[in-house]
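Student: I have a new structure to read. Please take me through it feature by feature.

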Amino acid sequence: MPACSEVGEQVDQATNDTVARALAANVRDRLAEEGVELDGDPECTTDMNLDGVDLTGTAECTGTTTDGRSAIATFDGTLSPGSCEGTFVIEVDGEQVWPPTDSPYPPSLIATLDPAKPLRMAYGSCRTSVTHD
């Protein structure tokens, strides 16, 4: 039977592995939105610490685009149920591609759900043969 410290290390490793997978998927999606394709999956390393329900720390992903450029993504901040504080930036060959530098919107965040609040979903259907004027 593993000691408590071993169990804690396993929990920390599982947490960091989960963050790394989520960040890798987010990096692929954001780059695809900017018309940049990665050659394989990015390599991600994380140093996130679980403090109650908050994850605090840093994460970094690196990869190569299909045209041979270097891509790097960094996250530095805190993820909490229902909130995110910190920065998330993706650069290709040293040039920021996410968030776009000319964006009129605030900096990118990683959205989290707040389990204390009810989940609200909107659903709609527009099945009609006439226009909506």
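Tutor: Start with the inventory: the protein chain has one helix and five strands. Helices (H or I, at least four residues) and strands (E, at least two) are DSSP runs, numbered from the N terminus. From the N terminus on, the order is α-β-β-β-β-β. A caution on the source: this is a predicted model, where local features need pLDDT of at least 70, side-chain atom pairs count only at pLDDT 80 or more, and totals for chains, interfaces and linings use all residues. Residues are numbered from 1 along each chain as its sequence is written, and side-chain values use heavy atoms, with hydrogens and water left out.

Student: In what order do the five strands form the sheet?

Tutor: The general idea comes before the case. Strands of a sheet pair through backbone hydrogen bonds, either parallel or antiparallel. Here two strands count as paired if DSSP finds at least two bridges between them. The five strands make an open sheet, ordered E1-E2-E3-E4-E5, with antiparallel pairing. Strand E1 (43–51) and strand E5 (95–98) are at the edges with a single partner strand each, so one side of each lacks a neighbour in the sheet. From one strand to the next, the twist averages 15°. For such angles, axes are lines fitted to C-alpha atoms, for helices over the stretch in contact, and angles run from 0 to 180 degrees between N-to-C directions.

Student: How many bridges pair E2 with E3, and how many join E4 to E5?

Tutor: Strand E2 (residues 54–64) and strand E3 (residues 70–80) pair over ten bridges, antiparallel. Find Gly-57: its bridge partner in E3 is Gly-77. Strand E4 (residues 83–92) is joined to E5 by three bridges, also antiparallel. There, Glu-91 stands opposite Gln-96 of E5. The hairpin of E4 and E5 has two residues between the strands, and Asp-93 takes a positive phi near 50° in that hairpin.

Student: Which cysteines form a disulfide?

Tutor: A disulfide is a covalent bond between the sulfur atoms of two cysteines. The cut-off here is a pair of cysteine sulfur atoms within 2.5 Å. The structure holds one. Cys-44 and Cys-61 form it, with their sulfur atoms 1.9 Å apart. Cys-44 is in strand E1 and Cys-61 in strand E2, so the pair ties together parts 17 residues apart in sequence. The torsion about the S-S bond of Cys-44 and Cys-61 is about 100°, so this disulfide is right-handed.

Student: Is Cys-61 buried or exposed?

Tutor: Buried means under 20% relative accessible area, exposed over 50%, partly exposed in between (1.4 Å probe, protein chains only). Cys-61 has 2% relative accessibility, so Cys-61 is buried. Cys-44 is buried too, at 19%. Of the 133 residues of the protein chain, 26% count as buried.

Student: Which residues have the most contacts inside the largest nonpolar core?

Tutor: A nonpolar core is a set of buried Ala, Val, Leu, Ile, Met, Phe, Trp, Tyr and Cys residues joined through side-chain atoms within 4.5 Å. The largest one has 23 residues, and Val-27, Leu-31, Phe-75, Phe-88 and Ile-90 have the most contacts inside it. H1, E1, E2, E3, E4 and E5 each give two or more residues to this core. H1 gives the largest share, six residues.

Student: What is Arg-30 in contact with?

Tutor: Arg-30 sits in helix H1 (residues 4–33). Contact means heavy atoms within 4.5 Å. Leaving aside neighbours within four places in sequence, Arg-30 is in contact with Phe-88, Ile-90 and Trp-98. Its relative accessible area is 17%, so Arg-30 is buried. A polar contact of 2.9 Å joins the side chains of Arg-30 and Glu-33. Such a contact is a pair of N or O atoms within 3.5 Å; within protein, one must be able to donate a hydrogen and the other to accept it, and residues adjacent in sequence count only if both atoms are side-chain atoms.
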